[in-house]
Amino acid sequence: MKKYIAYLFVFLFSLSVATGSNAEDLSVLKVGATAGPHAEILEFLKDRLKDRGIDLQVYSFNDYITPNAALDQGDLDANSYQHGLFMNTQNQDRGYRLVSVAKTVVCPMGFYSKKIDDVDDLREGAKVSVPNDPANVGRALALLEEKGFIKLADGVGYRASVLDVVENPKGIKFVEIEAPQLPRVLDDVDMGAVNVNYAVEAGLSPLEDAILLEDPETSPFANIIAAREDNRDDRRIELLTEVYHSDETRKFILDRFKGSFVPAW
């Protein structure tokens with residue numbers, strides 16, 4: 001009997017140790033992000049992923065190139081900082097085989113006005129300010145085309161400039177301005193496009209003040225979680241997406257970033 005009790009004690013002790021070990025044995029997931037909001041959102045997810053058996057390790061970078069290089073080389077399991085157009089360009093230029101597995105947030109470009117409250121009230125011959133740099137003017141013009149104010153030449157897409165406007169029924173007069181100055185010229189135009197970072201710096205809320213705003217769910221500039229072709233179906237990345245796409249994370253993003261980052265799912 002004593003021998004049986006001794007064996008039983010050893011068995012229960014071993015089971016206890018094994019159970020405790022499994023509880024501590026989390027599956028590591030290495031995810032890169034640019035320092036700032038993208039990394040901050042991932043840090044928010046850590047405890048929630050721990051409850052799902054994932055040890056999320058966040059690696060912050062201060063440039064846009066290294067996170068993709070590290071992912072391609074296998075030093076990271078995923079990254080979260082870029083939009084799909086940027087990733088596709090990197091794939092073409094550098095031979096990466098990266099894929100998008102989920103949308104995260106979008107920094108929406110919007111049009112603002114101090115003269116009208118509704119974009120449909122834009123008058124004939126209105127003065128409209130847009131960024132003067134190639135990276136952003138096409139984005140602003142595409143938003144105007146989507147609204148039906150203008151038509152761009154076929155095939156130019158987001159590479160468009162004001163010279164690519166082929167139909168302009170309202171006779172809009174475009175004023176090209178350096179992006180940091182866009183909030184300052186709103187007094188002088190009927191409405192103007194403003195990049196989200198400069199809008200927030202000027203006290204404008206994209207969600208409350210913009211009279212025309214990119215749709216976060218359809219914008220091609222939505223940021224993404226990127227993985228490699230060979231690990232896109234990794235269960236750990238699927239869990240990362242599930243937790244990212246939760247109502248709790250949506251609330252955190254909206255409360256923390258006040259419309260400068262908007263959930264894109």
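This briefing walks through a sheet, the helices packed on it and the nonpolar cores of the structure above. Please keep in mind that the model is predicted. Five strands make up an open sheet with mixed pairing, and the largest nonpolar core counts 27 residues.

**The sheet**
- Reading across the sheet, the strand order is β2-β1-β3-β13-β4.
- The edges belong to β2 and β4 (98–103); each has a single partner strand, so one side of each has no neighbour in the sheet.
- On average, and with direction ignored, neighbouring strands are turned by 35° against each other.
- Eight bridges join β1 and β2, which pair in the parallel sense; S27 sits opposite I54 in β2.

**Helices on the sheet**
- Helix α2 packs on the sheet and touches β1, β2, β3 (78–83) and β13, with its direction at about 170° to that of β2.
- Helix α8 lies across β1, β2, β3, β4 and β13, and runs at about 60° to β1.

**The nonpolar cores**
- Within the largest core, the residues with the most contacts are L42, L45, L49, L56, L240, Y244 and I253.
- At least two residues of this core come from each of β1 (27–34), α2 (37–50), β2 (54–61), β13 (223–228), α8 (235–244) and α9 (247–257).
- The top contributor is α2, which gives six residues.
- If neighbours within four places in sequence are set aside, L56 is in contact with L29, V31, L42, L45, K46 and L49.
- Another core, of 25 residues, lies apart from the largest one and includes F111, L122, L141 and F149.

Key
Residues are numbered from 1 along each chain as its sequence is written. This is a predicted model: local features need pLDDT of at least 70, side-chain atom pairs count only at pLDDT 80 or more; totals for chains, interfaces and linings use all residues. Side-chain values use heavy atoms; hydrogens and water are left out. A nonpolar core is a set of buried Ala, Val, Leu, Ile, Met, Phe, Trp, Tyr and Cys residues joined through side-chain atoms within 4.5 Å. Buried means under 20% relative accessible area, exposed over 50%, partly exposed in between (1.4 Å probe, protein chains only). Helices (H or I, at least four residues) and strands (E, at least two) are DSSP runs, numbered from the N terminus. Contact means heavy atoms within 4.5 Å. Two strands pair if DSSP finds at least two bridges between them. Axes are lines fitted to C-alpha atoms, for helices over the stretch in contact, and angles run from 0 to 180 degrees between N-to-C directions.
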